[in-house]
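Dear colleague,

Please read the notes with the model open beside them.

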Amino acid sequence: MRHWIPALMVAAGLVVVAVPVVSGAAPGTCTRQLSLQPQATVSESGGPIVFAVASGGCAAAGHVRVDVVDGSARRPGDFTGTGGELSWTAGDWSDRSVTFGVVDDGLGEAAMETFRVQLVVDGPGVAIAYGVGEGRILDDDSGARVVVAQDVLVVADRGPGGPSAAPSPPVNALRGLGQDNVDPRFRFNVPPQSAVVLRYSTVDGTAVGGVDFVPVTDALVTVPAGALGGELPVTLLAHSGGARSFSVRVESLSPYVVLDGEAVVTIAGP
Ligand SMILES: [Ca+2]
Ligand SMILES: [Ca+2]
């Protein structure tokens, strides 16, 4: 179970406004805050695409609509799924996920095709902290080799005990939404036939190296043969700065072409 500082996303996760913490309020007297994983990326042969939906703030009863909008990735040719509705009963702190099927069509297409997922409030008890996600499908039929970095939203893990847990968790309780940890990930469209080396660095934003995270310059990650992606390890530092963000930039990788080399890491708080 997870907990984070409620925040309002203004534009594509790049500008955020922090609002006060809602903590410890009884169900029915407060608003459940929901956050959607900002990007989910798979190779066409590596589906499905799964978006995590984190629940925090308080455990009010409520439901939320999940809207899906075709983009360059369209249904039914490229992906499947209708979104629908997610619901919680009072006292339920658990997270949810939304899954979309990916069509492995065997057709050469644009290197990356995308669609949009959005959480929409349609009843009481629920508010959206971060509500827009991008599904990204990497074509694997054209013979090109591409790599993309994936944005991460970092929320604080409430830990066992729900609303009674400490409101300021240790930094090691921070988690990247949709990830096993806070590390942003990269994805290949096709796996390497032999090990390849990737180089990456951090770039300051409203979150600053040395204050919010340990800066990284030209770190190397070796990816084994057969892997469809990996992690770009970054250590977050314990610091209360409200909502803030920085980037992890993939700077070179051969023989892969960097299609999207920037992973924006948004820290929701504290
Ligand atoms: Ca396709
Ligand atoms: Ca294809």
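**Notes on the model**

Asp-218 sits in the loop that links strand 17 (196–203) to strand 18 (219–223), where strands (E, at least two residues) and helices (H or I, at least four) are DSSP runs numbered from the N terminus. Please bear in mind that this is a predicted model, in which local features need pLDDT of at least 70 and side-chain atom pairs count only at pLDDT 80 or more, while totals for chains, interfaces and linings use all residues. Residues are numbered from 1 along each chain as its sequence is written, and chains are lettered from A and ligands numbered from 1 in the order in which they are written.

To stay with Asp-218 for a moment, its phi is near 55 degrees, a positive value in a residue other than glycine. Most residues other than glycine have a negative phi, and most peptide bonds are trans. Asp-218 counts as exposed because it has 9 C-beta neighbours inside 10 Å; the cut-offs are 12 or fewer other C-beta atoms within 10 Å for exposed, 20 or more for buried, and partly exposed in between, with C-beta atoms placed from the backbone. Two cis peptide bonds also deserve a look: one joins Gly-47 and Pro-48, with omega about 0 degrees, and Pro-48 lies in the loop between strand 4 and strand 5. The other joins Arg-75 and Pro-76, again with omega about 0 degrees, and Pro-76 belongs to the loop between strand 6 (62–69) and strand 7.

As for the protein overall, it has 22 strands and zero helices, and 43% of its 270 residues count as buried. Among contacts (C-beta atoms, placed from the backbone, within 7 Å) between residues at least 6 apart in sequence, 75% join residues at least 24 apart.

One open sheet has five strands in the order 4-12-10-6-8, with mixed pairing, where two strands pair if DSSP finds at least two bridges between them. Its edge strands are strand 4 and strand 8 (84–88), each of which pairs on one side only. Strand 4 (residues 39–43) has five of its five residues buried, with Gln-39, Thr-41 and Ser-43 on one side and Ala-40 and Val-42 on the other. Strand 4 runs parallel to strand 12 (residues 132–138), to which five bridges join it; in strand 12, Leu-138 is the bridge partner of Ser-43, and Arg-136 stands opposite Thr-41.

Which residues have the most contacts inside the largest nonpolar core? They are Val-154 and Val-265, in a core of 55 residues, a core being a set of buried Ala, Val, Leu, Ile, Met, Phe, Trp, Tyr and Cys residues joined through C-beta atoms within 7 Å. Beyond its neighbours within four places in sequence, Val-265 is in contact with residues including Val-152, Val-154 and Phe-246.

Finally, Phe-186 in strand 16 (residues 185–188) is buried, with 26 other C-beta atoms within 10 Å. The residues that Phe-186 touches, not counting those up to four places away in sequence, include Val-147, Leu-198 and Val-250; Val-250 is 64 residues away along the chain, yet the two C-alpha atoms are separated by 8.7 Å.

With best wishes

How values were computed
Two residues are in contact if their C-beta atoms, placed from the backbone, lie within 7 Å.
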